[in-house]
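Open the model in your viewer and keep the selection tool at hand. This tour goes stop by stop.

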Amino acid sequence: MNPMSVIGEVLMVVGALVFATAALGILRFPDAYTRISAIGTAGGLGIVLVVVGALLQHPTVPDLLKVVLIVGLQLATSAIGTIAIARSAVLTRTRMHRPHYDELTSGAASPAEHVPHRAPVPDHTSGRSTPRQEGPWQ
Amino acid sequence: MTGATIGIALIALACLAATFRMLRGPSEADRAIAGDLLLFGIVGLLTLYGVLVASPYTFDLVLVAALVGFLGALSLARALMRGRR
């Protein structure tokens with residue numbers, strides 16, 4: 001039992017513990033948005049730790065190439081998938097537990113069309129720029 | 001081997017929690033999130049089972065599963081929006 005195999009087993013158990021914390025979050029958190037924040041770590045970090053630990057059991061060069069590809073793809077895409085689901089949850093008006101203020105949906109008929117894509121055009125006739133629209137939180 | 005067995009037990013517990021939330025979840029977003037976690041858990045279980053049986057094709061399968069998992073997460077987001085973007 002060489003030390004690299006021991007390190008691999010420790011990494012696999014740590015990755016599985018990341019999954020266990022995500023499961024605890026999905027059971028105990030009060031609303032959908034906090035649950036999404038619990039899932040994001042499991043998707044990226046948990047899979048990466050488990051796969052690297054599995055590689056260290058019997059490391060070969062072709063497996064190393066595949067693991068580099070898996071780690072890069074997983075770190076790049078898992079956050080995008082999680083954020084896409086969170087965006088859909090916001091746009092479908094999922095209920096938030098005890099909201100203090102809601103910047104995304106305040107006062108807009110549909111939050112998707114309300115997001116300004118560019119700065120307001122300056123008013124040249126009066127010589128000063130138009131004030132930005134201020135939300136109710138200010 | 002013991003590390004892989006402990007990991008399989010922990011990830012199986014996570015998959016059970018995700019299944020519970022998918023069946024129970026008060027909103028549709030909760031069900032979509034549970035589906036996402038279940039998908040990641042299946043990928044982790046696949047990896048650890050490949051270590052346990054010493055299969056030479058483990059990382060090929062995990063690579064394909066990671067790619068399909070990304071498409072699955074985007075499809076869940078689209079389904080939650082009823083097909084709108």
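**Stop 1: B:Ala18**

Select B:Ala18 and set aside its neighbours within four places in sequence; its contacts are then A:Ala23, A:Ile26, B:Ala34, B:Leu37, B:Leu38 and B:Gly41. Keep in mind that this is a predicted model. B:Ala18 belongs to helix α1 of chain B, residues 2-24. Is B:Ala18 buried or exposed? It has 29 C-beta neighbours inside 10 Å, so it counts as buried; the cut-off for buried is 20 or more. B:Ala18 and B:Ile33 lie 15 residues apart in sequence, and their C-alpha atoms are 8.4 Å apart in space.

**Stop 2: where the chains touch**

Widen the view to the contact between the chains. Chain A gives 44 residues to it, and chain B gives 42 residues. On the chain A side, colour α1 (3-28), α2 (32-55) and α3 (61-91), the elements that each give two or more residues. Which of them has the largest share? It is α3(A), with 16 residues. By class, the chain A side has 27 nonpolar, eleven polar and six charged residues.

**Stop 3: α1(A) against α2(A)**

To see the contact, show side chains: α1(A) brings residues including A:Leu11, A:Val18 and A:Phe19, and α2(A) brings residues including A:Arg35, A:Leu45 and A:Leu49. This contact has 16 nonpolar, six polar and two charged residues.

Technical notes
Residues numbered from 1 in each chain as written. Chains lettered and ligands numbered in written order. Predicted model: local features only at pLDDT ≥ 70, side-chain atom pairs only at ≥ 80, totals over all residues. Contact = placed C-beta atoms within 7 Å. Helix = DSSP H or I, 4+ residues; strand = E, 2+ residues; numbered from the N terminus. Nonpolar A, V, L, I, M, F, W, Y, C, P; charged D, E, K, R; others polar. Buried ≥ 20, exposed ≤ 12 C-beta atoms within 10 Å, placed from the backbone.
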